Amino acid sequence: LNRRHHCRCCGDVYCNKCCNVRLLLDAKTAMPTAYLAGSVEGRVCYTCYEKALSTQRQVWSMQQRALSRTHSQSVATSPMPPGMEGSDNEDNVDAAAAAAAA
């Protein structure tokens, strides 16, 4: 006896071997979700599983690109205090630091 199972995502019928992976599915729409609230674990076929993983990779990649863009922007800095341009004198550095702290 070869039991058949239906994919909770697409509804097609598969044998156990072809439908033995599980995903979190939205309880109302049966679409894959990453949220625990309002989701149920369901048996899905490999095609739906791969689609869900591919979508998750794309979302993750977009999030990483957006995050790297915000971190790669240059930070504005204040200009050097007058008299400090091109000076290697440590006394000028200490005086500027003291003036900035005041």
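Helices, of at least four residues, and strands, of at least two, are here DSSP runs numbered from the N terminus. On that basis the protein, which is a predicted model, has two helices and four strands, and these follow one another along the sequence in the pattern β-β-β-β-α-α.

## Overall picture

Of the 102 residues of the protein, 16% count as buried, and the accessible surface comes to about 8300 Å², with 55% of that area belonging to carbon and sulfur atoms. When contacts between residues at least 6 apart in sequence are considered, 32% of them join residues at least 24 apart.

In soluble globular proteins, nonpolar side chains tend to be buried together. The largest nonpolar core in this model has eight residues, namely Cys7, Val21, Leu23, Leu25, Val44, Cys45, Cys48 and Ala52. Two elements, strand E3 (21-26) and helix H1 (46-72), each give two or more residues to this core, and E3 gives the most, with three residues. Leu23, a member of the core, touches Pro32, Val40, Glu41, Gly42, Val44, Cys48, Tyr49 and Ala52, when residues up to four places away in sequence are not counted.

## Cysteines without disulfides

A disulfide is a covalent bond between the sulfur atoms of two cysteines. How many disulfides does the structure hold? The structure holds zero disulfides. For Cys7, the closest cysteine sulfur is that of Cys10, and because the separation is 3.6 Å, the two are too far apart for a bond, the cut-off being 2.5 Å. Cys18 is likewise in no disulfide, with the sulfur of Cys15 as its nearest cysteine sulfur, 3.6 Å away.

Is Cys18 buried or exposed, or partly exposed? With a relative accessible area of 34%, Cys18 is partly exposed, whereas Cys7, at 1% relative accessibility, counts as buried.

| Residue | Relative accessibility | Class |
|---|---|---|
| Cys7 | 1% | buried |
| Cys18 | 34% | partly exposed |
| Cys19 | 0% | buried |
| Ser39 | 17% | buried |

Cys19 lies in the loop between strand E2 (13-15) and E3, and counts as buried because its relative accessibility is 0%, the cut-off being under 20%. Leaving aside residues up to four places away in sequence, Cys19 touches His5, His6, Cys7, Tyr14, Arg43, Val44 and Cys45; among these, Cys7, Val44 and Cys45 belong to the largest nonpolar core. Cys19 and Tyr46 are 27 residues apart in sequence, yet their C-alpha atoms are 6.4 Å apart in space.

Ser39 lies in strand E4 (residues 39-44) and, at 17% relative accessibility, also counts as buried. With residues up to four places away in sequence again not counted, Ser39 touches Leu24, Leu25, Asp26, Ala27 and Thr33, and one of these, Leu25, is part of the largest nonpolar core.

## The largest pocket

About 300 Å³ of space lies in the largest pocket. Of the 15 residues that line this pocket, Pro32, Thr33, Ala34, Ala52 and Gln56 are the closest to its centre. E3 and H1 are the elements that give two or more residues to the lining, and the largest share, seven residues, comes from H1. Ala52 is also a member of the largest nonpolar core, and both Pro32 and Ala52 are among the residues that Leu23 touches.

Methods
Residues numbered from 1 in each chain as written. Predicted model: local features only at pLDDT ≥ 70, side-chain atom pairs only at ≥ 80, totals over all residues. Heavy atoms only, no water. Buried < 20%, exposed > 50% of the residue type's maximum accessible area, 1.4 Å probe, protein only. Core = buried A, V, L, I, M, F, W, Y, C linked by side-chain atoms within 4.5 Å. Contact = heavy atoms within 4.5 Å. Areas by Shrake-Rupley, 256 points an atom, 1.4 Å probe, with all protein chains shown as cover. 1 Å grid on protein atoms, 1.4 Å probe; cavity = no way out; pocket = protein on both sides within 12 Å on 5 of 7 lines; lining within 4 Å. Points joined across faces, edges and corners; volume = space filled by probe spheres on them.
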